[in-house]
Amino acid sequence: MALSPPVRRLKSRPITFVFELPTEKLKEFWEGLEKGKVYASKCKKCGSTTFPPVVGCSHCFAQEVEWVDVQGEGVIETFTHIVIRPASFQSHPTYTVAVARMNSGVKVLAWLTSPKLSNVKVGAKVKLAAVQSPDGPSYGFTIVP
Ligand SMILES: [Zn+2]
């Protein structure tokens, strides 16, 4: 059996990508975060509520939505602790994300801020709120004691 010749590889220099995401169609959502509100979109035709918000309903394809505040309490349905972080989150310490069903019925995926890991479990109560971070407005959960 013949040995394969060694593969010669060149290492490229690091490449940084910065995306500028268009926010015009969802400006109510982004402006809401800046004002301390977390909005979902609610279809004016069929009443379906979606988070993160969308401008076109995925149920009936209508294009008119209204904005409903989904802040408040919810219950964790699933979560994961992220230890092996994607390249764009290498500067963050390990973090935890959870999906919670809010009292309004909407499911929300968000980071848990400063969780005590032993308190993170399916069925735990969380509170969703807007968060002002150095990267811009966002939203996150905190565990309700
Ligand atoms: Zn709809």
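Me: Is Cys57 buried or exposed?
Reply: Cys57 is buried, with a relative accessible area of 4% (buried means under 20%, exposed over 50%, partly exposed in between, using a 1.4 Å probe and protein chains only). This is a predicted model, where local features need pLDDT of at least 70 and side-chain atom pairs count only at pLDDT 80 or more, while totals for chains, interfaces and linings use all residues. Residues are numbered from 1 along each chain as its sequence is written, and side-chain values use heavy atoms, with hydrogens and water left out.

Me: Ok, and what coordinates the zinc ion?
Reply: Cys57 does, through its SG atom, together with the SG atoms of Cys43, Cys46 and Cys60, at 2.3 Å. Donors here are N, O and S atoms within 2.8 Å of the metal (3.2 Å for Na, K and Ca); water isn't among the atoms, so sites may look incomplete.

Me: Why is the arrangement called tetrahedral?
Reply: Because the four donor atoms subtend angles of 101 to 117 degrees around the zinc ion. Four donors count as tetrahedral if all angles lie between 85 and 135 degrees.

Me: What spacing do the donors follow along the chain?
Reply: The donors of the zinc ion go C-x2-C-x10-C-x2-C. Cys43 lies in strand 1 (residues 39-43) and Cys57 in the loop between strand 2 (49-50) and strand 3 (65-69), so this pair ties together parts that are 14 residues apart in sequence. Strands are DSSP runs of E, at least two residues, numbered from the N terminus.

Me: How about Cys43, buried or exposed?
Reply: Cys43 is buried, at 3% relative accessible area.

Me: Which strands make up the open sheet?
Reply: Three strands form it in the order 2-1-3, with antiparallel pairing (two strands pair if DSSP finds at least two bridges between them). Strand 2 and strand 3 stand at the edges with a single partner strand each, so one side of each has no neighbour in the sheet.

Me: How many bridges join strand 1 to strand 3?
Reply: Five, and these strands run antiparallel. Ala40, for instance, stands opposite Val68 in strand 3.

Me: What does Tyr39 touch?
Reply: Tyr39, in strand 1, is in contact with residues including Phe29, Phe51, Trp67 and Val68, not counting residues up to four places away in sequence. Contact means heavy atoms within 4.5 Å.

Me: And Thr50?
Reply: Thr50 lies in strand 2 and touches Ala40 and Ser41, leaving out residues up to four places away in sequence. At 19% relative accessibility, Thr50 counts as buried.

Me: Switching topic: in what order do the strands of the barrel go?
Reply: Five strands close into the barrel in the order 4-5-6-8-7, and the pairing is mixed. Strand 5 and strand 6 (residues 107-112) pair in the antiparallel sense over six bridges. Ala98 has Ala110 in strand 6 as its bridge partner.

Me: Where does Thr96 lie?
Reply: In strand 5, residues 95-102. Thr96 is buried, at 4% relative accessibility.

Me: Which side chain does the side chain of Thr96 make a polar contact with?
Reply: That of His81, at 2.8 Å. A polar contact is a pair of N or O atoms within 3.5 Å; within protein, one must be able to donate a hydrogen and the other to accept it, and residues adjacent in sequence count only if both atoms are side-chain atoms.

Me: What else is Thr96 in contact with?
Reply: Leaving aside neighbours within four places in sequence, the contacts of Thr96 include Thr80, Trp111, Leu112, Pro115 and Val120.

Note on methods: Four donors count as tetrahedral if all angles lie between 85 and 135 degrees; four count as square planar and six as octahedral if opposite donors are over 155 degrees apart and all others between 65 and 115; anything else is irregular. Helices (H or I, at least four residues) and strands (E, at least two) are DSSP runs, numbered from the N terminus.
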